[in-house]
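I opened my notebook to look up a few places in this structure.

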Amino acid sequence: MDLEPRLLRYFLAVAQELHFGRAAARLYISQPSLSSQIQNLERTLGTDLFVRNSRQVALTPAGRALLEEAPLALGALERAAEHARLAGAGIAGTVRLGYAPMAGYETLGAILTAVEHDSPNVTVVASELFSSEIPGRVLAGELDIGLALFPEPMRGVRSRPIRTEPLALLAGRHHRLAGSDPVPVTSLAGETLLMFPRELAPGYYDRVVAACEQHGFQPQIRAFADPPPQAMVARLRTTREVGLPLQSFARHTAAADPGVVARNIVQPEITAEWSILWPARGQSEAIMRFLKSARRCSEENGWLDAAVADI
């Protein structure tokens with residue numbers, strides 16, 4: 001059935017006025033033309049919508065049913081048209097975002113707040129993935145934006161630093177290092193470091209190993225089999241191991257869990273680098289607006305020494 005929105009608008013005018021002359025004047029068309037259009041609508045639907053006589057116009061049961069639904073149908077059509085217009089202008093659309101787990105404790109929230117402020121009609125669909133997975137998902141077209149730690153370079157995927165964040169020590173409250181703050185890197189010698197398996201975040205893993213080796217010792221690392229960050233916390237409460245997560249995660253966890261403490265790491269500070277990724281080709285206006293908001297967020301929060309360039 002080919003039902004034109006114009007005919008529904010004509011029907012609504014007559015149904016609301018219950019007078020063809022007044023409805024025609026409201027629509028700026030002639031009364032005979034309006035009558036002809038309503039007859040076309042009735043033929044399309046296969047039923048009468050109005051009872052007409054010389055004195056009055058009244059709705060039939062079919063007309064009353066259409067009167068209930070027609071405004072909803074027209075409203076949905078108008079919303080769809082407006083959404084398409086906004087999307088074409090880059091003011092609306094959907095961005096599929098993949099982010100590494102620890103971004104969810106500070107970095108991700110700040111960026112999404114900036115995007116919501118700048119582009120309230122852009123919908124972000126976020127998925128938690130490990131850093132090693134994200135570049136490939138962007139390249140395959142499964143993600144529009146990635147937020148990863150030390151992402152591996154990949155042809156067809158662009159990447160820019162968005163935040164430098166220090167790592168922190170996370171340990172059980174009764175651990176020998178719990179009473180120290182800050183904790184020098186050399187104090188980690190002889191400790192068992194609980195970390196993600198290297199294949200899930202190789203750049204993060206290698207940064208920790210390099211910092212220890214530069215201070216003359218090979219770290220003892222245990223890669224926990226259950227990788228979500230909170231799984232690490234459960235182990236730290238009951239073992240002598242220590243974690244080296246991002247500072248935002250460590251502080252959040254210690255504030256929420258009296259069984260663990262967070263301590264700064266110094267001499268030197270070990271830092272991790274968040275990067276934002278996007279496809280080298282075929283960026284939508286919604287993606288570009290997201291990137292612009294992320295850059296503003298980085299600058300306003302002082303996440304990098306220099307502004308993120310070329311986004």
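Is cysteine 212 buried or exposed? I looked up its relative accessibility and found 0%, so cysteine 212 counts as buried. Buried means under 20% relative accessible area, exposed means over 50%, and partly exposed lies in between, with a 1.4 Å probe and protein chains only.

A note on the source: this is a predicted model, where local features need pLDDT of at least 70, side-chain atom pairs count only at pLDDT 80 or more, and totals for chains, interfaces and linings use all residues. Residues are numbered from 1 along each chain as its sequence is written, and side-chain values use heavy atoms, leaving out hydrogens and water.

I checked cysteine 297 next. It is buried too, because its relative accessibility is 3%. Then I looked for disulfides, taken as pairs of cysteine sulfur atoms within 2.5 Å. The count is zero.

**The sheet.** I traced an open sheet of six strands, in the order S8-S12-S7-S11-S9-S10, with mixed pairing. Strands S8 (183–184) and S10 (220–223) stand at the edges with a single partner strand each, so one side of each has no neighbour in the sheet. My terms come from DSSP: helices are H or I runs of at least four residues, strands are E runs of at least two, and both are numbered from the N terminus. Two strands pair if DSSP finds at least two bridges between them.

I followed S7 (residues 168–172) and S12 (residues 260–266). They pair in the antiparallel sense over five bridges. Alanine 171 has valine 261 in S12 as its bridge partner. Helix H8 (residues 229–238) packs on the sheet and touches S7, S9, S10, S11 and S12. Contact means heavy atoms within 4.5 Å.

**Alanine 62.** I found alanine 62 in helix H4 (residues 61–88). It counts as partly exposed because its relative accessibility is 26%. Leaving aside neighbours within four places in sequence, alanine 62 is in contact with Thr47, Asp48 and Leu49. Alanine 62 and leucine 49 are 13 residues apart in sequence, and their C-alpha atoms are 5.7 Å apart.

**Serine 131.** Where is serine 131 found? It is in the loop between strand S4 (121–128) and helix H6 (134–139). Serine 131 is buried, because its relative accessible area is 5%. A polar atom of its side chain lies 2.9 Å from the backbone nitrogen of leucine 149. Beyond neighbours within four places in sequence, serine 131 is in contact with Ala100, Ala148, Leu149 and Leu200.

Methods: Axes fitted to C-alpha atoms, helices over the stretch in contact; angles between N-to-C directions. Polar contact = N/O pair within 3.5 Å; in protein donor to acceptor, adjacent residues only side chain to side chain.
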